[in-house]
Amino acid sequence: MRLFESLGAREFDVDGLSLVVTELQASYAGEALHGQTVRIDTQVVATGRSAASFRTQLADAASGRSVAVVHVGAVFVERAAGKVRPLPATIRRLTETAP
């Protein structure tokens, strides 16, 4: 995900932890056709001790018309131990700097 790339991280390595999706909800809002340019914006909307919620908005790039909204709940896991760990500092900083 580009959100993680913008932070110098990867989806499978955010401060040494892996992101595991625990909940996903997608809401269709309108049609998108092959060849259409779609803008995708993702933001962190809530955090807990070891979990975060992300909201992704997909919209037609030209008109801004909504195509879909996706909500993702995730936890961060230390792969070697197989254990959920506290939210990485990189993700926590995103919520502290959000408007």
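**Note on the predicted model**

1. The side chains of Gln57 and Ser66 are joined by a polar contact of 2.7 Å, a polar contact being a pair of N or O atoms within 3.5 Å, of which, within protein, one must be able to donate a hydrogen and the other to accept it, with residues adjacent in sequence counted only if both atoms are side-chain atoms. This is a predicted model, in which local features need pLDDT of at least 70 and side-chain atom pairs count only at pLDDT 80 or more, whereas totals for chains, interfaces and linings use all residues. Residues are numbered from 1 along each chain as its sequence is written, and side-chain values use heavy atoms, with hydrogens and water left out.

2. Gln57 lies in strand β3 and is buried, its relative accessible area being 17%, where buried means under 20%, exposed over 50% and partly exposed in between (1.4 Å probe, protein chains only). Apart from neighbours within four places in sequence, Gln57 has contacts (heavy atoms within 4.5 Å) with Arg39, Ile40, Asp41, Ser66, Val67, Ala68 and Val69.

3. The protein chain has two helices and five strands, arranged from the N terminus as α-β-β-β-β-β-α; these elements are DSSP runs numbered from the N terminus, helices being H or I of at least four residues and strands E of at least two. Strand β2 (residues 38-47) pairs with β3 in the antiparallel sense over nine bridges, pairing being assigned if DSSP finds at least two bridges between two strands. A hairpin of three residues connects β2 to β3, and Val38 stands opposite Asp60 in β3.

4. The largest nonpolar core has 14 residues, and those with the most contacts inside it include Phe54, Leu58 and Phe76; such a core is a set of buried Ala, Val, Leu, Ile, Met, Phe, Trp, Tyr and Cys residues joined through side-chain atoms within 4.5 Å. Strands β3 (51-60) and β4 (66-78) each supply at least two residues of this core, with β4 giving the most, namely six residues.

5. Two salt bridges are found in the whole structure, the criterion being a side-chain nitrogen of Lys or Arg within 4 Å of a carboxyl oxygen of Asp or Glu. In one of them Arg39 pairs with Asp41, the closest N and O atoms being 2.9 Å apart; Arg39 is exposed at 52% relative accessible area, while Asp41 is partly exposed at 35%. Arg85 forms a salt bridge with Glu78, with the closest N and O atoms 2.7 Å apart, and here Arg85 is partly exposed at 28%, as is Glu78 at 28%.
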